[in-house]
Number of protein chains: 10
Amino acid sequence: MSSSGTSSGFPIAVLNQDIAARLPAHSSILFAAKKQKNLSFEAIAEAIGRDEVAAAAIFYGQAQASPEDVKKLSELLAIPETQLLETEITGYPDRGRQMEMPPKEPLVYRLYEIVQNYGYAYKAVMNEKFGDGIMSAISFSTKVEREEDDKGVWCKITLRGKWLPFSRF
Amino acid sequence: MSSSGTSSGFPIAVLNQDIAARLPAHSSILFAAKKQKNLSFEAIAEAIGRDEVAAAAIFYGQAQASPEDVKKLSELLAIPETQLLETEITGYPDRGRQMEMPPKEPLVYRLYEIVQNYGYAYKAVMNEKFGDGIMSAISFSTKVEREEDDKGVWCKITLRGKWLPFSRF
Amino acid sequence: MSSSGTSSGFPIAVLNQDIAARLPAHSSILFAAKKQKNLSFEAIAEAIGRDEVAAAAIFYGQAQASPEDVKKLSELLAIPETQLLETEITGYPDRGRQMEMPPKEPLVYRLYEIVQNYGYAYKAVMNEKFGDGIMSAISFSTKVEREEDDKGVWCKITLRGKWLPFSRF
Amino acid sequence: MSSSGTSSGFPIAVLNQDIAARLPAHSSILFAAKKQKNLSFEAIAEAIGRDEVAAAAIFYGQAQASPEDVKKLSELLAIPETQLLETEITGYPDRGRQMEMPPKEPLVYRLYEIVQNYGYAYKAVMNEKFGDGIMSAISFSTKVEREEDDKGVWCKITLRGKWLPFSRF
Amino acid sequence: MSSSGTSSGFPIAVLNQDIAARLPAHSSILFAAKKQKNLSFEAIAEAIGRDEVAAAAIFYGQAQASPEDVKKLSELLAIPETQLLETEITGYPDRGRQMEMPPKEPLVYRLYEIVQNYGYAYKAVMNEKFGDGIMSAISFSTKVEREEDDKGVWCKITLRGKWLPFSRF
Amino acid sequence: MSSSGTSSGFPIAVLNQDIAARLPAHSSILFAAKKQKNLSFEAIAEAIGRDEVAAAAIFYGQAQASPEDVKKLSELLAIPETQLLETEITGYPDRGRQMEMPPKEPLVYRLYEIVQNYGYAYKAVMNEKFGDGIMSAISFSTKVEREEDDKGVWCKITLRGKWLPFSRF
Amino acid sequence: MSSSGTSSGFPIAVLNQDIAARLPAHSSILFAAKKQKNLSFEAIAEAIGRDEVAAAAIFYGQAQASPEDVKKLSELLAIPETQLLETEITGYPDRGRQMEMPPKEPLVYRLYEIVQNYGYAYKAVMNEKFGDGIMSAISFSTKVEREEDDKGVWCKITLRGKWLPFSRF
Amino acid sequence: MSSSGTSSGFPIAVLNQDIAARLPAHSSILFAAKKQKNLSFEAIAEAIGRDEVAAAAIFYGQAQASPEDVKKLSELLAIPETQLLETEITGYPDRGRQMEMPPKEPLVYRLYEIVQNYGYAYKAVMNEKFGDGIMSAISFSTKVEREEDDKGVWCKITLRGKWLPFSRF
Amino acid sequence: MSSSGTSSGFPIAVLNQDIAARLPAHSSILFAAKKQKNLSFEAIAEAIGRDEVAAAAIFYGQAQASPEDVKKLSELLAIPETQLLETEITGYPDRGRQMEMPPKEPLVYRLYEIVQNYGYAYKAVMNEKFGDGIMSAISFSTKVEREEDDKGVWCKITLRGKWLPFSRF
Amino acid sequence: MSSSGTSSGFPIAVLNQDIAARLPAHSSILFAAKKQKNLSFEAIAEAIGRDEVAAAAIFYGQAQASPEDVKKLSELLAIPETQLLETEITGYPDRGRQMEMPPKEPLVYRLYEIVQNYGYAYKAVMNEKFGDGIMSAISFSTKVEREEDDKGVWCKITLRGKWLPFSRF
């Protein structure tokens, strides 16, 4: 059984009601149970065998859950599997609509700002390393880690995507 | 002396003229010499003791060069130091203006799309790990790495920023 | 017990219903009690030991309330603590979404206009005083004061944020 | 005679060429002389008897210079007064056009974000203190100060404007 | 007792339901009673001792009503004063949000177009008459009048605002 | 012969160079001569027998000059009539393009804000006075006046347009 | 009694529910009866003595109905006149808000595209024919006609508006 | 030989320089000769055997000229045919870019407003007359006519396009 | 009787609830029955004798259904025909409003990006092949096919539209 | 040697000067030679062994040319290879910036409209055929074909991209 709360001691994340209208129906169901059971995404990710950001993305309707994911979420969160299957949780997500761009949320804006400031620098470095192409955001994974040193606490985000060269045609 | 070309064998990145008008004067000078000498950002970064993305950001006018950076760039690129110092290369960059948002460039758009799709998932996971705050994009570093496995070639981007909790006031 | 009304004699601020849809659920609960008890943010801030703008930001869902804040608000406003804890009042705020930009509200527009008119002047002066970096809006506090002289009544806003230099990497 | 450089030891601010096209002609003249003489806005402000932000605003074409200001600037910067008077330096500024909104520059964005996050909180607190009205951005002054304590270096911005109540008609 | 209908013989203005969602609660109450009693803004303005545009602005939630205004509106419209006081009618208006810009409504667009076409001409003439500053839209009143001559019927709008010179600081 | 300077004692308005690119060629010619002769729009309007705002609108390329206007401007400003006739001064103006909307200029923004705040109030009052229609911005005139009382200096703008009822078809 | 269906044999137009929220209340009432009785706008226009586009514009809340129009619509559509008069059908329309611009609907986009492509050509031709002014969209009528020739079926739209010359002032 | 000036007595239309940058090179050449020869679009259209709006559209780079058109324009305007053929006048126009939308020009805005106000009414009437489809803006012609009656001068615009039904697939 | 599920083995597509509000009423009815019966668009298209994309477009309210389509859908999906006919399924679709542009959905964005990157290349090639005109999006059909080779799985989209030359007028 | 003109008999495509400023330097060089030699993209594509759209994309700076491409273009177009290599023709394209979105060009708009109207239909059909993922616009090719039947001339565009399933992480 998953332990309660976060390993960091900070409160768990819950659903901000004012964005719920932009999310699919299962988001509210999942987040309500998460709050009720006081479970972190770390615990949920571990229980369903996925990464934390992917687990959170399922909750926000931005990633597809497999039948096994649903089964495990059902058990972990004590939501009847049939109730979950009536939602679009195993459907094809309609991605990106929950986020207005440019993001107003300060945390998300900082990520946006990194793209804005370093966009061309990334492109130049990546072109020199890989040629003409892109890093896929589909064949892709990401994770968030915590590091601490004498200068303070650091957040490290890793983005890892397949390199796709432009076709010659 | 730095070797010519990239270690990957792909051509070096040069300045796309159509964005030059949005960049400071030293961008054109630096990129012209880079092309002339056929130097990669990997080689330039090594020569000035900075990371690749930071070196590229100096070339795009998105990062400040220290006097030492200027000195080394002057030597490496055979640009008279006085010529460089007449530009704003050691000035305070006016960041972000070179990039129009949403980015039209496919490579940069993929990074933007990651923020759009996973924005709230990142926020939830980061809040649970660090509490209420943001990952700094200022007290920050980033790098690009190449990985290869049996599924193909992968691009890995690391973002590392100081965690700043919201002040209680 | 906190005294009723404002010290200035002007009516207290209440929630404009037409923005309530963009605010979290606890905003409506808190503002209803504030109106019922006729309490100013000055009185509320004093009761919970925070600054006025921070107290108002909690009411608008733009700042996180600590468990102690909730306890004190519960007592001051006679709202059962359990009722408050069912909301997202101690959650991680989804900041910035209540305000459309550019702001149409004349009072808020004037602040926006100051940024628009003096943006580069601030940047130049701050760069000369602190080097290349930013004033944090996270590690940050702010207050509003009233001054009066023979030329009339003046409003003074103070913004105080930690200086963050750009990392060299 | 004004001393060279800034009192902080950081380099002086110079004009980023890529925004020069959006500024009046005297901006380039003034900034060129400022660079040539290595003068800070602190020194310039002192020489003309104005505040730092106001001095910088003159350089960016966002504030009107009086004939006396022109005279002093002419002396300080060794620019013939007639040359300055041929420009629009004493004209009526066409304010705000140098800044694109939302600002992409990280330093200026942080100020914008404060308005976005705390807009309604400021309004509520100011209404309770002053009634229905606005803080003027015209009958207005502002300054930037540096503070240091054991938690680090802090930037303090003060905004001071006349309170204007809405007319009853 | 106020007479029914308008003095012009045209029907009175009623609330267009499709903008009601963007207005505060008292707008619907006031307009319903206005329709029920068939009262013009001319009659309402006279009854409460304010100008027509100000009276209409109260109905649209764009101007604050004083306690006396509420008392008189209560009597005139036969709405219990307590019912009105439960709304935000005496609160601080959240101005400007009812109007989308650029306005699609042809009547309002014509006013917008006047600003668009004559903006710089007004600025030049006003600067020459008053110096560097603005005409306040806060310390401000406005009225609409009907004139008729042999060329037809004319609408005359007067805008009168306090002149505010930019502070020298 | 027209007297020099303004009757108010404030400096005359000159052309801000940074908007010149958006204006027709005769704008620069006219403004250069206006500056050279130190003439106010009041003096120019009197000399050509038009209103001040109309005179300024000709200078900004927002109103058509008649052949007589050109003749008188030629004499007043000592510009050869043939030089003026080579420009588009008597052509059909391409109106509105000099002003970006929403206006960033504080003076012009205040006029825009009046439309934003009082748009529906104007519409309701005008509909009750005139029926369903619009106030023309074409069959239209406007003027600016200065008033002074014990409360200060006031700017009064009058807009006068023909009332056009919607056709019944 | 009006005949059922359209004279063309195509089905009648009904209200698309997804835009109903942007229309006044009488739109839904009128369209429901139109559907129930299977009446075309041709039949409705004939019955109320107006043009087809005007009849449709009443249904979409974009044109004012006279008391006689209401009477005839009440009879034709078997809606009690009192029910219609409770709506805003005789009120002052809040025009333009039902249509988002640029239009996404292909049929409406084609009209928009004509304005976009031929805007300046229309202006030049109209100026040469009528001088400096505009074609009124208020003192205006329009109709749609069907033509057929050996090249196919053609749609002909006629726009007819009063010419308004710019006032000289 | 074409007669000089317009048949209406109003001046001919010339090229507003501030939009020339958005037009192809032959626009400036054609308009310069048109001005030089004082020719109306009526005369030009007659000379090349096309409609007035089409002739103007060629001048604005929004319609393709056939080799015969070029020949006749060359003769009429006394421009060497080779000079014209060096431009893109017989090329494929890059349509629509000369006009910013929404149009700021009052004359063009009125056409835009007609689409905005009557868009759905046109659609409903056209669907009932022609079924599901669009009026082509490609297989299309248009003309402008002048009418005069006792109510004044009227401008009549006719749009005529092929009806294209949506394919069933 | 149509077989259950897709031929590919992937789950069928269901309606994402968060876009349902932008779709007509029959979309929800059709998608609910599709989910209930577990039918793919391949099966539905076959049953009604239309192409897959057209069938899906009917479900999303972007294509008109003929009476026969409705009959067959009624039988296939076991929805009473009268229930379907009460909706707008045979009405004239209000196309395009379900999709916000630029699309945030990654799959749809890729199509948008193709237009953005190859727009002018398509135009040049099409102009050389067909002259000055457009490919119709109305007299148009499209299909999606799956191909597989040793490099992986490929998606092939075919767009086929009638070529419409610009009219000469 | 390539034959002159197009096989269709329509004129070749040349560079519209008004977009040249948004294209890299080699675009102007290539298009000038193309015009000079009167070569179609069909002929150019054949000569360099690439598809027509790819050849055009190189000319518009939207696709990378290989050293062999440059060699063949140099021969075909009689441009010294060194001159081409001084440009960015073999560099990494900065894609997408030449096209403003939504596209104003009617031909390109039709493609955009297809995405707008059929976006969700494509997604549903593609998800059912391929699962959760996207069709790559990078590992991608496209071609344009002409078909003719008794109903007229048809343009057929084929898009073919690799299917990329979303990673499970």
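Before you select anything, note that the model is predicted: local features need pLDDT of at least 70, side-chain atom pairs count only at pLDDT 80 or more, and totals for chains, interfaces and linings use all residues. Residues are numbered from 1 along each chain as its sequence is written, chains are lettered from A in the order in which they are written, and side-chain values use heavy atoms, with hydrogens and water left out.

Start by selecting both chains. Here 76 residues of chain A are in contact with 76 residues of chain B (heavy atoms within 4.5 Å). Together the chains bury about 7600 Å², with 70% of it on carbon and sulfur atoms; buried area is the accessible area (1.4 Å probe) that two parts lose on being put together, summed over both.

Next, pick Leu107(A), Tyr120(A) and Glu128(A): they supply 11% of the area that chain A buries against chain B, more than any other three residues.

Now look for charges. Between chain A and chain B there are 10 salt bridges (a side-chain nitrogen of Lys or Arg within 4 Å of a carboxyl oxygen of Asp or Glu). Zoom in on Arg160(A) and Glu147(B), whose side chains form a salt bridge at 2.7 Å, N to O.

Finally, show the strands, which are DSSP runs (E, at least two residues), numbered from the N terminus. β2(A) pairs with β2 (residues 152–165) of chain B in the antiparallel sense, over nine bridges; strands pair if DSSP finds at least two bridges between them. End your tour at Leu159(A), which stands opposite Ile157(B) in β2(B).

Note on methods: Helices (H or I, at least four residues) and strands (E, at least two) are DSSP runs, numbered from the N terminus.
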